[in-house]
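Here is a short tour of one protein model, written for someone who likes to have the numbers beside the picture. Have a look at the structure first, and then we can walk through it together.

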Amino acid sequence: MDIVTLDDIRAAAARIRGIARMTPLIDVSELVGMPVLLKCENLQPSGAFKIRGAFNMIAQLDATARQRGVITYSSGNHGQAMALAARTVGSPAVVVMPTTAPRNKSEGARAFGAEVIFEGTTSAERKLRAEREASERGLTMVPPFEHPWIIAGQGTVGLEILEQAPDLSAVVVQMGGGGLVSGVAAAIKRLSPSTRVVGVEPAGAAKITASRAAGKPVTLERTASVADGLMPVRPGDLTFAHVQAFVDEVLTVDDAEIIDATLWLFDRIKLVVEPSGAAAFAAIRSGKVPVIGPTVAVLSGGNIDIARLSELASSISRVP
């Protein structure tokens, strides 16, 4: 397994400088009554942290590969990020999305110049279609999480967190396929071993929880969650190895907790965060992560439109 090194992550940070933003770390301690800070990756150019890994990988492809083009499979955020990264270097891009992808995410990928193909509803279905298209067209696959260059790029979030707040008790990160938590944890645990790293996933898509119990990556029969970006049915072998090596605790939050956190962030902090991006904060707000010292929650994405926010607001009873 190619476990990423601190040097890999630092090299990625230099590579993506000027493309990915150094996002703010907002102190919301007074509002939540606990020492909590929010890492606002929802403010990235493509609306999510994914630009870090996508550009780190595309920037390392040779000229021939860039000229032929790149492809990925994505529920939305990685597809948009890869499209933006590809446009930045002048490379054609193709994104395979589920038929259930939110329109704002598919239109976002198109706006960055990508060709969008719809295939199935699961990550496995769109992965197979993307692999077939890559083979037929000679495109380079830029996977959403299962690659050391992707993980190293996402790990730059961890570097920034420690630069902005060096003395932390814990960092809480949401998990889909595991690329973000893998990179962040690899950076945090090497630079600040005493800082706890907590991974959070939806109860309806708890593939890493199941994999930890089994001691190896397992595939769920199905996933279902309001957090559409966190629904792969299986973690990657490489991301799971990082989770096992660096993540202290893995827990789940339910949809009601995720929706409550999403709406609270909008109402009280004036931040637009999609449900997938609010899962880490949901674990703190619901009390599932005890806050005993300065704690960072990563807000991983903000690609949600006002109509969807309105739907969420009418779907549950709110906690003040």
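**Overall build**

Please keep in mind that this is a predicted model. Its secondary structure comes to 14 helices and ten strands. With a radius of gyration of 18 Å, close to the 20 Å that the globule rule gives for 320 residues, the protein is as compact as a globular protein of that length. Along the principal axes, the C-alpha atoms fill a box of roughly 55 × 45 × 40 Å.

Buried residues, meaning those under 20% relative accessible area, make up 58% of the 320 residues. The protein exposes about 12,300 Å², and carbon and sulfur atoms supply 51% of that area. Among contacts with a separation of 6 or more, 71% come from residues 24 or more positions apart.

**A parallel sheet and its helices**

Four strands form an open sheet in the order β5-β4-β3-β6, with parallel pairing. The edges are taken by β5 (115-118) and β6 (140-141); each has a single partner strand, so one side of each is left without a neighbour in the sheet. Strand β3 (residues 70-73) pairs with β6 in the parallel sense over two bridges, and Val-70 stands opposite Thr-140 in β6.

| Helix | Strands involved | Angle |
|---|---|---|
| α6 (residues 103-111) | lies across β4 (93-97) and β5 | about 150° to β5 |
| α7 (residues 123-137) | touches β3, β4, β5 and β6 | about 165° with the direction of β3 |

**Helix α5**

Now to α5 (residues 77-89), which has 13 residues and reaches 19 Å from its first C-alpha to its last, close to the 18 Å expected at 1.5 Å a residue. How many of the 13 residues of α5 are buried? Ten of them are, so the helix is largely enclosed by the rest of the structure. The buried residues of α5 are Asn-77, His-78, Gly-79, Gln-80, Ala-81, Met-82, Ala-83, Leu-84, Ala-85 and Ala-86.

What covers the buried residues of α5? The cover includes strands β3 and β4, along with helices α3 (51-58), α6 and α8 (148-164). After α5 comes Gly-90, whose phi is positive, near 75°.

Terms used. Residues numbered from 1 in each chain as written. Predicted model: local features only at pLDDT ≥ 70, side-chain atom pairs only at ≥ 80, totals over all residues. Heavy atoms only, no water. Pairing = 2+ DSSP bridges. Contact = heavy atoms within 4.5 Å. Axes fitted to C-alpha atoms, helices over the stretch in contact; angles between N-to-C directions. Rg over C-alpha atoms; globule rule 2.2 N^0.38 Å. Buried < 20%, exposed > 50% of the residue type's maximum accessible area, 1.4 Å probe, protein only. Areas by Shrake-Rupley, 256 points an atom, 1.4 Å probe, with all protein chains shown as cover. Expected span 1.5 Å × (residues − 1).
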